[in-house]
Amino acid sequence: MELELSHWYIFGAILAAAVGTALTRFLPFFVLKNSTDAPLLRYLQLTMPLLIMALLVFFTLKDTEWSAHYGIYELGGIACVVVCFLWSKNVILSMFAGMIVYMVTINFF
């Protein structure tokens, strides 16, 4: 059975998604504008990149089949991320370098 949606329903859904996205992006700037020097915010600024990296590593390894190739490709990508992050302290560069190493090793070896 084919469901036909009206143009107004689709427009309303897009508008609601846009407003929700804008609120989640701009609301912290308005709520926290007077507390930019708060110790909690400084602590989160220092620790959040490492927390995100740890979550990405655990999420990546959750479905790894350790018996197929012993996780060599995954561990090589993780090692590349760790070395890049310790060398450059740049999260984005580290993630992209690890992803590139993982993709190259999985496709060519």
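Read along its sequence, this protein goes α-α-α-α, with four helices and zero strands in total. (Helices are DSSP runs of H or I at least four residues long, strands are runs of E at least two long, and both are numbered from the N terminus.) Its radius of gyration is 21 Å, well over the 13 Å that the globule rule gives for 109 residues, so the protein is more spread out than a compact globule. (That radius is taken over C-alpha atoms, and the rule is 2.2 Å times the number of residues to the power 0.38.) Keep in mind that this is a predicted model, where local features need pLDDT of at least 70, side-chain atom pairs count only at pLDDT 80 or more, and totals for chains, interfaces and linings use all residues. Residues are numbered from 1 along each chain as its sequence is written, and side-chain values use heavy atoms, leaving out hydrogens and water.

**Overall picture**
- The C-alpha trace spans about 55 × 50 × 20 Å along its principal axes.
- Of the contacts with a separation of 6 or more, 40% involve residues 24 or more positions apart (a contact means heavy atoms within 4.5 Å).

**What the record says**
- An unreviewed UniProt entry lists residues 6-31, 43-61 and 67-86 as "transmembrane region" (positions follow the numbering used here, feature names are shortened, and annotations may be inferred rather than shown by experiment).
- In the model, residues 6-31 are 96% helix and 0% strand, with end C-alpha atoms 37 Å apart.
- Residues 67-86 are 75% helix and 0% strand, and their end C-alpha atoms lie 30 Å apart.

**A look at helix α4**
- Helix α4 covers residues 91-108, and at 1.5 Å a residue its 18 residues should span 26 Å, which agrees with end C-alpha atoms 26 Å apart (the expected span is 1.5 Å times one less than the number of residues).
- The buried residues of α4 are Val91, Ser94, Ala97, Gly98 and Thr105. They cover an arc of only 135° around the axis, which puts them on the same side of α4 (the arc uses directions from the helix axis to the C-beta atoms).
- Over on the other side, Ile100, Asn107 and Phe108 are exposed.
- The cover for the buried residues of α4 includes α2 (39-61) and α3 (72-88).

**Zooming in on Ser94**
- Ser94 sits in helix α4 and is buried, with a relative accessible area of 0%.
- Leaving aside residues up to four places away in sequence, Ser94 touches Met53, Val81, Cys84, Phe85 and Ser88.

Technical notes. Buried means under 20% relative accessible area, exposed over 50%, partly exposed in between (1.4 Å probe, protein chains only).
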